[in-house]
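Please take a moment with the sequence and the structure below. The paragraphs that follow lead from one part of the chain to the next.

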Amino acid sequence: MAADRIDGKAFAEKLRARVGEQAAKFEQAAGRKAGLAVVLVGEDPASQVYVRSKGKAVLAANMNGFEHRLAEDTSQEDLLALVEALNADDAVDGILVQLPLPAHLDDQAVIAAIDPDKDVDGFHIANAGRLAVGQTGFVPCTPLGCMMLLADRLGDLSGMEAVVIGRSNIVGKPMAQLLLDANATVTIAHSRTKDLAGVVRRADIVVAAVGRAEMVKADWLKPGATVIDVGINRLPAGEGEERGRLVGDVDYGPASEVASAITPVPGGVGPMTIAVLLRNTLVAAYNHAGLDQPEGL
Ligand code: NAD
C-alpha cells in the first residue's frame, strides 16, 4: 500500500495563519508589530530568493520586516556594527543573518554577536546549549518544523527508533536532540557511518538531511517507517526541461511503497522552515515585550 503523503505545505499554511492571527493580537497588546530583521550580504542568487520570500511571509503574517542588504565586500566590522544596532533596536524582535556569508566573513563570529533572545534561527551557541540541556530557547527552524510534522503524524514518539542521517549544526544535530527530548532512541548517521542501509533499516523514524539526490533507497527502510526528507537537490536538466527537477534525499516513489508516511520534495519540509521562522519571531516578540506567550504557538 502506498504511504501517506505528509503534507508539509498544508501544515505550514495553517501554522502561518495561526501565527498571523496571534501577531495581530500581539500588535494590539504591545502597541507595535512584531519585527524581524533579515540581513543579506552579497549577491548569492539562492539567498536572494530566500530573503525575498521571508520578507513577503513576514508581511503576510502581520509583522514588520526590516531588510538590510549589504555589499559583497562589506567588512566584518561593518556587519558586526549592524548586528549590534539591531540588537539594540526595540522594533526588532528577531534577527536573521542569511547564510552562507561571503568567504571573507566569519559566520560563527557574526552569529555569536546576535543577542540570543533575538536569535530566531536558533544558531547561537547559547540556544544550541539550551537545546542540548533541555532548556527553553530558540530551536533551528527546519528541525523544529520536522518535529512538528512528526508529532502531528505519530503523537508520542517515546521508545521509537529514530535515525537522523546528517550531522550539521543547522539540521542533523538539533533534529537528533529534539527526537531525544521526545524520548525516541536516536542514532545519528553521517558520511563515515558503516552500513548506512543497515542502520536506517532499524528505524521507525528516518530523517534524511544529507544533500544527495535520492540517496536513501526503498530497501533501506523498515516497512511502515515514517520518513522525513529534508534534502533539496536539483537534478541536472533533462531534455526539454529548462531547469532540473527538485528531489529530496529519499528515492520517493519506491520508498513510498515501503514507508507508512513520507514527506514529498517539494511540498514537505521546505515550507515548514519559513512558517517556523515566523513562529519563532512571534515568540521572541512576546518575550521581548514582557507579555505571556499565547497557548499553542
Ligand atoms: P550539510 O552539507 O551541512 O550536512 C550534510 C550532512 O550529511 C553531513 O553531516 C554529512 O556527514 C552527511 N553526509 C554527507 N554524505 C553522506 C553520506 N554519503 N552518507 C551519510 N551521510 C552523509 O547539509 P545541511 O545544511 O544539513 O542540509 C542537508 C540537506 O537539507 C541539503 O539538501 C539542504 O539543501 C537541505 N536543507 C533543507 C532545508 C529546508 O528548508 N527544507 C533547510 C536546510 C537544509
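Aspartate 93 is buried, with a relative accessible area of 0%, where buried means under 20% relative accessible area, exposed over 50%, and partly exposed in between, computed with a 1.4 Å probe on the protein chains only. This is a predicted model, in which local features need pLDDT of at least 70 and side-chain atom pairs count only at pLDDT 80 or more, while totals for chains, interfaces and linings use all residues. Residues are numbered from 1 along each chain as its sequence is written, and side-chain values use heavy atoms, with hydrogens and water left out.

The side chain of aspartate 93 meets that of arginine 32 in a salt bridge, at 2.8 Å from N to O, the term standing for a side-chain nitrogen of Lys or Arg within 4 Å of a carboxyl oxygen of Asp or Glu. This pair links distant parts of the chain, 61 residues apart, since arginine 32 lies in the loop between H1 and strand S2 (35–41) and aspartate 93 in the loop between helix H3 (76–88) and strand S4 (94–97); helices (H or I, at least four residues) and strands (E, at least two) are DSSP runs, numbered from the N terminus. Arginine 32, at 22% relative accessibility, counts as partly exposed.

The count of salt bridges comes to six. Another of them joins aspartate 204 to lysine 222, with the closest N and O atoms 2.8 Å apart. Aspartate 204 lies in the loop between helix H8 (196–200) and strand S7 (205–208), and lysine 222 in the loop between S7 and strand S8 (226–229), so the pair ties together parts that are 18 residues apart in sequence.

Which charged residue is buried yet has no salt bridge? It is lysine 118, for which the nearest side chain of opposite charge, aspartate 90, is 5.6 Å away; here Lys and Arg count as positive and Asp and Glu as negative, with His and the chain ends not counted. Lysine 118 is placed in the loop between helix H4 (107–113) and helix H5 (125–133), and, leaving aside neighbours within four places in sequence, its contacts (heavy atoms within 4.5 Å) include Asp93 and His288.

Turning to the ligand, a backbone N or O atom of arginine 167 lies 2.8 Å from one of the ligand's oxygen atoms, and for serine 191 the corresponding distance to an oxygen atom of the ligand is 3.2 Å. The protein covers 72% of the 850 Å² of accessible area that the ligand has on its own, areas being computed by the Shrake-Rupley method with a 1.4 Å probe.

Notes
A polar contact is a pair of N or O atoms within 3.5 Å; within protein, one must be able to donate a hydrogen and the other to accept it, and residues adjacent in sequence count only if both atoms are side-chain atoms.
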